[in-house]
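Here are a few exercises to work through with the model open in your viewer. Try each one yourself before you read the solution.

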Amino acid sequence: MQISVSYLSSYYSNEKTVMMLESTSADYIHVDLMDGGFVDSKNFTIDNVLKLLKNHEKPLDIHLMTFDPLIYINDLAVLKPEYITFHLEATKDIVKTIELIKRNNIKVGISIKPATNILELMPYLALVDLVLLMSVEPGAGGQNFIYHIADKLKDLKKVRTENNLNFKIAMDGGLNEDTIKLVKDLDIAVVGSYICKSNNYEERIKLLKDIH
Ligand code: DX5
Ligand code: ZN
């Protein structure tokens, strides 16, 4: 399982947290962008996210919690992220959004909130590289894991196998050394406060990676 670390809730500034994550064994830096519309809080402007991450070395995994994801993609492409993930619930232009991300040579992720049924993803599963299952309501770090999302993972894996598809499956929200044991067969675990609200990032990342 790979670990993608969200710097959203940390004891330190975004700048310092990102810098500290660069020297760990994290596989990705998870970039949570919130627009104050799709979710209540707003935490970025394009200028400040470009400035924060312009010298990044680890691959970026960008999570757009915004309406109109289309309007951000060309600007974010400057950062050469590995993934841009947007929410199924956030736009009617799902295929257009997938195509624009691909045209920028970036892998496409699609995410669903805890209450959205995986069947709604069916028309898009052959077009995306990643499905991000939210295991908390998007909008804030430090929330409790919603246990029944572990069943969604099982169901989505079944759909993937039965249809011979090869998108990766990630989960985001409330993951820690206990809850991660319920979703061991994830491809990518997105983890925020469990790592960034600790005083030893690497120790926590290693601990998560050692769970089999
Ligand atoms: C939630 C964000 C998550 C969050 C994860 O809206 O998308 O990426 O920061 O943080 P934890 O691991 O603290 O739930
Ligand atoms: Zn996220």
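**Exercise 1.** Work out where Thr 85 sits, whether Thr 85 is buried or exposed, and which residues Thr 85 touches.

*Solution.* Step one: Thr 85 belongs to strand β4, residues 83–87. Helices (H or I, at least four residues) and strands (E, at least two) are DSSP runs, numbered from the N terminus. Step two: Thr 85 counts as buried because its relative accessibility is 1%. The cut-offs are under 20% relative accessible area for buried, over 50% for exposed and partly exposed in between, with a 1.4 Å probe and protein chains only. Step three: leaving aside residues up to four places away in sequence, Thr 85 touches Asp 61, Ile 62, His 63, Leu 64, Gly 109, Ile 110, Ser 111, Leu 130 and Leu 132. Contact here means heavy atoms within 4.5 Å.

A quick word on ground rules: this is a predicted model, where local features need pLDDT of at least 70 and side-chain atom pairs count only at pLDDT 80 or more, while totals for chains, interfaces and linings use all residues. Residues are numbered from 1 along each chain as its sequence is written, chains are lettered from A and ligands numbered from 1 in the order in which they are written, and side-chain values use heavy atoms, with hydrogens and water left out.

**Exercise 2.** Describe the site of the zinc ion (ligand 2): which residues coordinate it, and what is its geometry?

*Solution.* Start with the donors: His 30 (NE2), Asp 32 (OD), His 63 (ND1) and Asp 172 (OD) coordinate the zinc ion at 2.0 to 2.3 Å. Donors are N, O and S atoms within 2.8 Å of the metal (3.2 Å for Na, K and Ca); water is not among the atoms, so sites may look incomplete. Next, the angles among the six donor atoms run from 71 to 170°, and the site is octahedral. For six donors, that label requires opposite donors over 155 degrees apart and all others between 65 and 115. Along the chain, the spacing reads H-x1-D-x30-H-x108-D. Finally, His 30 and Asp 32 are both buried.

**Exercise 3.** Find which residues of α2 are buried, and explain why they lie on the same side.

*Solution.* First, the buried residues in α2 are Ile 46, Val 49, Leu 52 and Leu 53. They share a side of α2 because they cover an arc of only 130° around the axis. The arc is that of the directions from the helix axis to the C-beta atoms. The general rule: an α-helix has 3.6 residues a turn, so residues three or four places apart point the same way. Lastly, the cover over the buried residues of α2 includes α1, β2, β3 (60–65) and α3 (70–76).

Note on methods. Tetrahedral: all angles 85-135°; square planar, octahedral: opposite > 155°, others 65-115°.
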